[in-house]
Amino acid sequence: MHQALESLLDLLDLERIEEDIFRGRSRSAVVPRVFGGQVAAQALVAAGRTVPAERMAHSLHAYFLRAGDPGAPIVYTVDRIRDGASFTTRRVVAIQHGQPIFHLSASFQTYEEGMEHQADMPPAPDPESLPTAAEMLPRYASAFRDEGVVDRLIEARAAVDLRYVDAPPWGTVGTPREPRSQVWFRTNGKLADDPLLHVCLATYVSDMTLLDSVLLAHGRGGWAVGDVVGASLDHAMWFHRPFRADEWLLYDQESPSASGGRGLGQARIYTADGRLAITVIQEGVVRIPRA
């Protein structure tokens with residue numbers, strides 16, 4: 001297992017300090033705030049640890065309230081909203097310096113048979129034919145606002161093998177494109193068979209690239225280029241079918257709208273054999289910097 005993945009798994013292994021209160025740490029961030037995917041994944045870990053193991057996470061809805069301080073611990077308080085015959089609901093608030101920075105509601109369900117249909121998986125190249133982040137990112141070094149961005153991005157994504165199907169936003173700055181993007185991803189190492197762990201790692205990755213398609217529509221490169229400032233506002237995920245985060249997953253993303261200083265991204269995540277595993281929707285602040 002890659003050392004970076006071991007560090008990420010350690011990050012998700014929250015300390016229980018009371019029955020429904022957990023404490024988490026942060027890792028070094030590319031930007032001077034806690035990565036949103038980390039807080040969402042840790043909050044889901046906290047919720048899941050208060051739910052019977054046979055109940056699987058099937059949805060989450062979250063709001064990012066304040067920027068997290070990567071130098072301070074995060075306390076997660078879990079509210080046991082409901083324990084029903086089939087469904088369990090939890091509410092989690094992440095707190096730093098006495099203030100809430102993140103709020104999550106998650107629902108869990110015991111497995112049952114039911115009607116089945118899904119949207120077809122779109123065409124995509126074999127992930128093994130695409131360059132890794134370490135191979136791809138240096139090609140665009142001249143686009144970034146400072147020399148250290150490439151190394152920080154590679155380090156931040158070392159736990160996950162994430163491969164772009166087409167050029168990322170910073171690869172075609174100034175040239176608007178169709179607001180669609182695809183990436184393949186999997187963890188850099190095998191994981192235990194705990195379904196909650198795989199769901200939490202997919203949640204972690206889901207915040208990395210979802211708003212890329214907003215940038216593509218306007219020929220913007222993003223924060224690393226310096227032509228956009230932004231942050232995640234809210235995030236929702238529905239987990240439809242079992243999957244493994246240590247096997248290739250296709251993240252097919254698009255942006256149907258941007259307005260009012262906000263951009264919307266929506267996506268579907270498929271397993272390599274074409275099963276629709278997850279649906280994701282996120283809105284974020286996307287602003288052009290003032291002179």
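**Reading burial and charge pairing**

Author: In this predicted model, buried residues account for 48% of the 291 residues in the protein chain.

Reader: How many helices and strands does the protein chain have?

Author: The protein chain has six helices and twelve strands. Its radius of gyration is 18 Å, close to the 19 Å from the globule rule for 291 residues, so the chain is as compact as a globular protein of that length. The C-alpha trace spans about 55 × 45 × 40 Å along its principal axes.

Reader: What share of contacts between residues at least 6 apart in sequence join residues at least 24 apart?

Author: In the protein chain that share is 73%.

Reader: How should I read the charged side chains, and how many are positive and how many negative?

Author: Side chains of opposite charge can pair when their charged atoms come close. Here 29 side chains are positive and 37 negative, with the centres of the two sets 5 Å apart. The whole structure holds 17 salt bridges.

Reader: Which residue does D246 meet in a salt bridge, and is D246 buried or exposed?

Author: The side chain of D246 meets that of R244, at 2.9 Å from N to O. Buried means under 20% relative accessible area, so D246, at 5%, counts as buried. R244 is partly exposed at 22%.

Reader: Where does R275 find its partner?

Author: R275 forms a salt bridge with D273, and their closest N and O atoms are 3.4 Å apart. D273 is exposed, at 59% relative accessible area, while R275 is partly exposed at 32%. Elsewhere, salt bridges with shared partners link K190, D193, R244 and D246 into one network.

Technical notes
Residues numbered from 1 in each chain as written. Predicted model: local features only at pLDDT ≥ 70, side-chain atom pairs only at ≥ 80, totals over all residues. Heavy atoms only, no water. Helix = DSSP H or I, 4+ residues; strand = E, 2+ residues; numbered from the N terminus. Rg over C-alpha atoms; globule rule 2.2 N^0.38 Å. Buried < 20%, exposed > 50% of the residue type's maximum accessible area, 1.4 Å probe, protein only. Contact = heavy atoms within 4.5 Å. Lys, Arg positive; Asp, Glu negative; His and termini not counted. Charge placed at Lys NZ, Arg CZ, Asp CG, Glu CD. Salt bridge = Lys/Arg side-chain N within 4 Å of Asp/Glu carboxyl O.
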